[in-house]
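Here are a few notes to read alongside the structure. Take the points one at a time and find each residue on screen as you go.

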Amino acid sequence: MSAGSQLNCFQAATCGVNTDSNDDLANMEDLKSTDGRPALTANDYLTDEEFALPVICAKLNLDAGLLPKIFPIQLTERQKHILAVTFASLRQNIAEIGVVVFMRVFEAYPYAQQIFDLLKNISQDNLVHSQALKSHAFRVVGFVEKCIARLHRPDKLDAILTNLGQKHRQWKVPPGYIDLLGLQFVAAMKSCLDQQWNAETEEAWIAMFGFITYHMKEAMKMDEQSPLPL
Ligand code: HEM
């Protein structure tokens, strides 16, 4: 991919990220709770309607008809192939896409940013340049790549997803945000790949993130010893 198309790809992925929510973030600074995080407001929770995956798909211009209907999700050999090929063609831009995805989630749900110790005090304007966000986005996309590489080893895949789900539970990530992030990823990749994207690609990526989030959330449910406060 040329430097020009990389830039276009990044611009396509960043469109829709605005910085109007700086005031919200500043206001949230005043709402510290005892563990150093801001107190939750009604807006921090995903409402039932917002949590509905078809509603999220509609907002992100994804086809809700492609959402998986049978769990646990089984990816076909053709889908595994499509995932490997599309990931390879996005490799140059994938960390930038990760940054954009987190910025969009933080913009829509400022509480999500407060979950990250290293990011919670950074303004939306500065987030895009934040090394901490870049390195986190890199770890997330690196993890997705690892999952794709292990699609033929379900035992190994299950182990790393369970471990990651348990960690996210300890970090008090509300499970609804995990689905949201996955679909935001698919939407950002769709903007980047543009002409190379089709319904089959969309279905494969929705299934891949559905697979990841399903197993992470199952692991989050398993730890009954420390119930989530959210
Ligand atoms: C598909 C969804 C997601 C994937 C694949 C994912 C993946 C990862 C990975 C690979 C790490 C690094 C783990 C490690 O250092 O051992 C991580 C860390 C983390 N993730 Fe996620 N994540 C997802 C969604 C989310 C969401 C939605 C949030 C919060 C809104 C979140 C919050 C965190 C936090 C707080 C950390 C620790 C950051 C730190 O080291 O300071 N994650 N995630």
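Predicted model: local features only at pLDDT ≥ 70, side-chain atom pairs only at ≥ 80, totals over all residues.

1. Let's begin with contacts along the chain.

2. What are the building elements? The protein chain has twelve helices and zero strands. Reading from the N terminus, the order is α-α-α-α-α-α-α-α-α-α-α-α. As for burial, 31% of the 230 residues of the protein chain count as buried.

3. Now look at the ligand. Which of the 20 residues around the ligand come nearest? They are Ala 112, Phe 143, Trp 171, Tyr 177 and Leu 181. Two or more residues of this shell are given by each of α9 (131-149), α10 (154-170), α11 (175-193) and α12 (199-222). Sorted by class, the shell around the ligand holds 13 nonpolar, four polar and three charged residues.

4. Next come two helix pairs. Two packed helices are described by the angle between their axes and the distance between the axes. For α11 and α12, the axes come within 9 Å and cross at roughly 160 degrees. Angles over 145 degrees count as roughly antiparallel, and α11 and α12 are therefore roughly antiparallel to each other. Their crossing is right-handed.

5. Who makes the contact between α11 and α12? On the α11 side you can find Pro 175, Ile 178, Asp 179, Gly 182, Leu 183, Phe 185, Val 186, Met 189 and Lys 190. On the α12 side the residues are Glu 202, Trp 205, Ile 206, Phe 209, Ile 212, Thr 213, Met 216, Lys 217 and Met 220. The contact of α11 with α12 divides into twelve nonpolar, two polar and four charged residues.

6. How does helix α5 (residues 77-90) sit against α12? Their axes come within 9 Å and cross at roughly 95 degrees, which makes α5 roughly perpendicular to α12. From α5, the contact uses Gln 79, Ile 82, Leu 83 and Thr 86. From α12, it uses Glu 200, Thr 201, Ala 204, Trp 205, Ala 207 and Met 208. By class, the contact of α5 with α12 has six nonpolar, three polar and one charged residues.

7. Finally, please check some backbone details. Most residues other than glycine have a negative phi, and most peptide bonds are trans. In the loop between α4 (53-59) and α5 you will find Pro 72, which is joined to Phe 71 by a cis peptide bond with omega about -10 degrees. Asn 61 also lies in the loop between α4 and α5. Although Asn 61 is not a glycine, its phi is positive, about 60 degrees. Is Asn 61 buried or exposed? Asn 61 counts as exposed because it has 9 C-beta neighbours inside 10 Å, and a residue with 12 or fewer is called exposed.

8. One further residue deserves a look. Asp 194 is placed in the loop between α11 and α12. Its phi is positive too, about 45 degrees, although Asp 194 is not a glycine. With 11 other C-beta atoms within 10 Å, Asp 194 is exposed.

Notes
Residues numbered from 1 in each chain as written. Near = placed C-beta within 6 Å. Helix = DSSP H or I, 4+ residues; strand = E, 2+ residues; numbered from the N terminus. Nonpolar A, V, L, I, M, F, W, Y, C, P; charged D, E, K, R; others polar. Axes fitted to C-alpha atoms, helices over the stretch in contact; angles between N-to-C directions. Parallel < 35°, antiparallel > 145°, perpendicular 65-115°, else oblique. Contact = placed C-beta atoms within 7 Å. Buried ≥ 20, exposed ≤ 12 C-beta atoms within 10 Å, placed from the backbone. Left-handed = near helix turned anticlockwise from the far one by under 90°.
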